[in-house]
Amino acid sequence: MAGLTPAFAEAWNQVPVDQDLAPTEAVRRSCPVVQTDGSDQHGSRPGPDASGTPGARVLVVPLGPGTAPMGTLSVLLDRVKELGDARDSLEAAAARLHGHLAGLAPSGGPPTVGIPSGPGPAPGWMLDAAQVGTFDCNVRTGQLFLDDRSCLIFGLNPETFDSRYETWAQMVHRDDLPFTASRMAVFERYDGEYRFTHPAGERWVRFSGLVLPGPDDQPGRVVGTLFDDTASHTTREVAAYRLGRPADGVVMTGGDGRIVYVNDQAEGILRTSRSALLGRTLWEAVPYPGEPGLEARCREAAATGLPTDFDVHLPAVRRWYSIRLTPYDDGLTLSFSDITEAQVREAEQHRVEHGAVLRTTKTQQLTAALSEALTVEDVVGAVGDHLLTPFGATGLAIQTLEGDRLRVAGHAGYSKSFLKTLVAAPVTQVSPTSDSLRTRTPIFIGSGDEYGRLYPHLGWRIGPSGMQAWAFLPLIASGRPIGCCIIAFLEPRELDEDERTLLAALSGLVAHALERARLYDAEHARTVELQRGLLPQVLPQLPGAITAVRYLPASEGLEVGGDWYDVIPLSGDRVALIIGDVMGHGLSEAATMGRLRTAVHTLADLELTPDDLLLQLNDLVARLGEDFYATFLYAVYDPATRTAHFARSGHPPPALVRQGGQIDILDLPNNPPLGVGNPPFETAELELPEHSLLAFYTDGLVETHSRDIDTGISALTGALSDALADPLTDTETTPGLDRLCEGLTTTLTTPHGAEDDAVLLLARPRGLPREHVADWPLPEGPIAAGEARALAAAQLRAWRLDPLVDITELLVSELVTNALRHARGPIRLRLLRSQSLLCEVSDGSTTTPHVRRAAETDEGGRGLAMVALLAQRWGTRHSTQGKTIWAEQPLPPAVGH
């Protein structure tokens, strides 16, 4: 059935063949029967009311010739329809339908009618013709079969549909689902309609079905048909408008398609005189911008003998018309009905509904985006992305209240020159922003003229702003104003009441998100400040190496990390390069990092060897507890020998760039991380070639969620190689190395920053000139002190450091004498001229000398005291061959370095 009321469907559901009703009479007599006004032409009882429409008739034609028809075909007619024409058309249709049904029946017999035993498609030719789909739902298991037509109606892919009842239920409108689901529990035929969510928007489905019992006589399966009924809802207003008005214009043709009659209304609509239209072919005389063409529609109507309705827009008159082509014996009648007003209302309703759906969708997206926004910048971005478009706005400015002034926290769509006029505007100034905060209510201004009338002293802002309408939304959080959100439009705009209410509600979401983001930003700034306070503020400028560093805190999360670095000057122009990472994030990890940095400074000042320093740090971390461990990389570079001594504990290996651009990842012994290792610890000593470059880094720079550490190290070497290939790259000066460091961190991290704390430390080692280093072996007898004094004096005069000869001779004499008395050979003397003069005496003993307070009667014990008095600094450092005692003197002011 199609186009009939539920009452008719219920009454004609089952018609016993022994009753005197129109369908049964047509079957028994094998001839057409007409039921009208309570009786039929053959005197049978009327049976159920077919239409509920006064004057309606039901024409029933048997399906199949002879005395054994297989069923009937019935149509509803009104008084206007000529019965003879209808009977001829219906009999022809019944003959074709019988042929199809007979072809489907097994062995040429009548088809078996009933419910299929399992999921499967209905006869395809009938369902496709009517665009009807089938469904079969197992109430017990929730398995739902939808044929291809049903999947198409619901916007589902038949190949990926999971055949679950829950999937279908999620698509049904929540107000319609209870009614639809409740019909599955009653043993009866049922029909109805419900709304569902289609990818193209909300649509309607009309369905008809039957509940079948299972083995336990409880509802087992629900089967039936459905079709898309959206058009009947979206066009009801237009349809009602058509039925309520007569045709405006009428054009009639003869059998050859030429116009024989034109009424006055048609003459005006077509803007052509009646005399010019008569005798012309219809489809040539009447403008029709559409497909298929008017000629094809006319020939189709003439061939089928059925009326054809369609809508057409005539641009020349800017009107919409509903056109009906009605065949009659000698030609066609084309009638016009003006439906412009209904079309305009429908288009406006569609626009409003589409705008409401768009605003609802964007509001949901804005809510989700604000819930994920961490910073003020994130909040501004979310508002700009999800709030401006639904309202057709182009400008956004968010001002925050700081004391008695308003500061622009973020913006979109405004020029920078205009925003400068809003910087730190006093809240006491009379303005729409101040007024909205004072009254705590939104202010809407629909045009520039209105703005000028309300705030004449601020009228100068209209032109530079480039906007013509505004919504000033106060941001209220925790009961107090925190700022204002300004939404602006390029053209004058009067927001309706629904839009104003929605904007006011959304401003509350923005206010709470902004307040949360401001707290986050402030807390994050404090934690980053704490982290930076624990790290070196400025790297020292040293003759042994040029250094540059970049520390990047994690872009997400408030907790500080444990990444750290340091550059420590040592004796003899040596440089200690340090990088480490305490695992985890939080104040405890930051405090551990601070303790480690302090400990490294202390141990480095004691001039411990790298393996001894590693041993002491490992014990320190182990005493902190099992929850703490850290990676660590320590390198000591000696510019006199151009060698570097490395100690590594679980840290990523450094990269060495050689002259010419070759990059090597140094294969250093890797000890366990600090806190979990056991001595002894392995170290390595390498000679660094001239013009080389060292790159130290933490795992946060090279490792991300989407990139493992090996891939990240390859990315680092690639970025380093590309940067060094640029002839403008300068690594011989501190500013140049600093720019290289900045470029590498930018390349290796995302636009939003590093996922984890990251450090990159670059060092360009520089060796001392050979002529600034003097080194001699000394004999182990008493003559060693005198020989040392003579060698030192001669070298100082060669360096033109004559003012330092006397003190240096005394220092060298005391240091050599001390080695002869308290240590063992071999003994060596080395002089280094750099930013200062360094005297070094080495021996083979590991005993550390100490300054003693000698009594007046003691013959010795005053040597180191004299060294401490004469030298600017002095100290002892140990090596695998013994120890070295050094004493440092400043160069004379007139002597260059």
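How much space lies in the largest cavity? I read about 220 Å³. The model is predicted, and local features need pLDDT of at least 70, side-chain atom pairs count only at pLDDT 80 or more, and totals for chains, interfaces and linings use all residues. Residues are numbered from 1 along each chain as its sequence is written, and side-chain values use heavy atoms, with hydrogens and water left out.

**Entry: cavities**

I searched the whole structure and found five cavities of 30 Å³ or more. A cavity here is a set of points, on a 1 Å grid over the protein atoms alone, where a 1.4 Å probe fits but cannot get out; lining residues have an atom within 4 Å of a point. Grid points are joined across faces, edges and corners, and a volume is the space filled by probe spheres set on the points.

I listed 20 lining residues for the largest cavity, with Leu-422, Tyr-451, Arg-461, Phe-472 and Ile-486 nearest its centre. I then sorted the lining by type and got 13 nonpolar, six polar and one charged. In this scheme Ala, Val, Leu, Ile, Met, Phe, Trp, Tyr, Cys and Pro count as nonpolar, Asp, Glu, Lys and Arg as charged, and the others, Gly among them, as polar.

Which element gives the most to this lining? Helix 17 does, with three residues. The elements that each supply at least two residues are strand 15 (395–402), strand 17 (425–426), helix 17 (432–439), helix 19 (462–465) and strand 19 (469–477). Helices (H or I, at least four residues) and strands (E, at least two) are DSSP runs, numbered from the N terminus.

I traced an open sheet with antiparallel pairing and the strand order 22-23-24-25-28. Neighbouring strands are turned by 15 degrees against each other on average, direction ignored. Two strands pair if DSSP finds at least two bridges between them; strand 22 and strand 23 (575–585) have nine, in the antiparallel sense. Across this pair, Asp-563 stands opposite Asp-581.

Helix 22 (610–624) packs on the sheet and touches strand 24 (630–638), strand 25 (643–649) and strand 28. Contact means heavy atoms within 4.5 Å. The helix direction makes about 155 degrees with that of strand 24; axes are lines fitted to C-alpha atoms, for helices over the stretch in contact, and angles run from 0 to 180 degrees between N-to-C directions.

**Entry: backbone in the loops**

I found a cis peptide bond from Pro-679 to Pro-680, with omega near 0 degrees. Pro-680 is in the loop between strand 27 (663–665) and strand 28.

Asp-573, in the loop between strand 22 and strand 23, has a positive phi near 60 degrees without being a glycine. Is Asp-573 buried or exposed? At 17% relative accessibility, Asp-573 counts as buried, the class being under 20% relative accessible area, with exposed over 50% and partly exposed in between (1.4 Å probe, protein chains only). Arg-642, in the loop between strand 24 and strand 25, also is not a glycine and has a positive phi of about 60 degrees. Arg-642 is buried at 12%.

**Entry: strand 30**

Strand 30 (758–765) is largely enclosed by the rest of the structure, because eight of its eight residues are buried. I noted antiparallel pairing with strand 21 (545–552) over eight bridges and with strand 29 (693–697) over four. Ala-545 has Pro-765 as its bridge partner, and Tyr-697 stands opposite Leu-760.

Notes
1 Å grid on protein atoms, 1.4 Å probe; cavity = no way out; pocket = protein on both sides within 12 Å on 5 of 7 lines; lining within 4 Å.
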